[in-house]
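I opened this notebook to keep a record of what I looked up, one topic at a time. The entries follow the order in which I turned to each topic.

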Amino acid sequence: MFLAAEKGDINTIIGGIAPNWGPFGNLGQEARVMVEVVMAVAILLCLAIAIWGAAKQRIGATALRDTFSAEQGKGLIVAGLTGVFIIGSLGTLFTIVYGMAV
């Protein structure tokens with residue numbers, strides 16, 4: 001039971017969105033940090049879009065009785081969360097594609 005836990009550390013579990021891509025392994029430290037920053041900003045932007053969509057849906061559905069605004073809010077929520085998923089999985093996708101090419 002404890003043997004599986006000995007090999008990893010907490011960074012394996014909560015390493016965040018920092019990619020460890022095979023084809024980008026030769027990048028310098030500054031370039032890696034820039035990729036991480038760009039990904040983090042993009043994820044925050046997508047989360048902000050999703051939050052804006054949730055607010056728009058809530059306000060449109062209850063206060064204003066505006067069904068168009070509520071539907072537009074649903075679209076923003078889906079778009080924002082889809083963006084978070086895609087950006088969050090880019091490191092895995094690049095690693096799989098790179099591994100298949102090699």
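Predicted model: local features only at pLDDT ≥ 70, side-chain atom pairs only at ≥ 80, totals over all residues.

Residues are numbered from 1 along each chain as its sequence is written, and side-chain values use heavy atoms, with hydrogens and water left out.

Entry on the salt bridge. I found that the structure holds 1 salt bridge, and that E71 forms it with K74, their closest N and O atoms being 3.4 Å apart. Side chains of opposite charge can pair when their charged atoms come close. E71 and K74 are 3 residues apart in helix α4, so about one helical turn separates them. I took helices (H or I, at least four residues) and strands (E, at least two) as DSSP runs, numbered from the N terminus. K74 is partly exposed because its relative accessible area is 39%, where buried means under 20%, exposed over 50% and partly exposed in between (1.4 Å probe, protein chains only).

Entry on the overall fold. I counted 5 helices and 0 strands in the protein, which reads α-α-α-α-α along the sequence. Of its 102 residues, 15% count as buried.

Entry on the record. UniProt, in an unreviewed entry, places the feature "transmembrane region" at residues 33–55 and 76–101; its positions are given in the numbering used here, feature names are shortened, and annotations may be inferred rather than shown by experiment. I checked residues 33–55 in the model and found the span to be 100% helix and 0% strand, with its end C-alpha atoms 33 Å apart.

Entry on V41. Is V41 buried or exposed? V41, which lies in helix α3 (residues 29–63), counts as exposed because its relative accessibility is 51%.

Entry on S89. I located S89 in the loop between α4 (67–88) and α5 (90–101), and it counts as buried because its relative accessibility is 16%. A polar atom of the S89 side chain lies 3.2 Å from the backbone oxygen of I86.

Methods: Polar contact = N/O pair within 3.5 Å; in protein donor to acceptor, adjacent residues only side chain to side chain. Salt bridge = Lys/Arg side-chain N within 4 Å of Asp/Glu carboxyl O.
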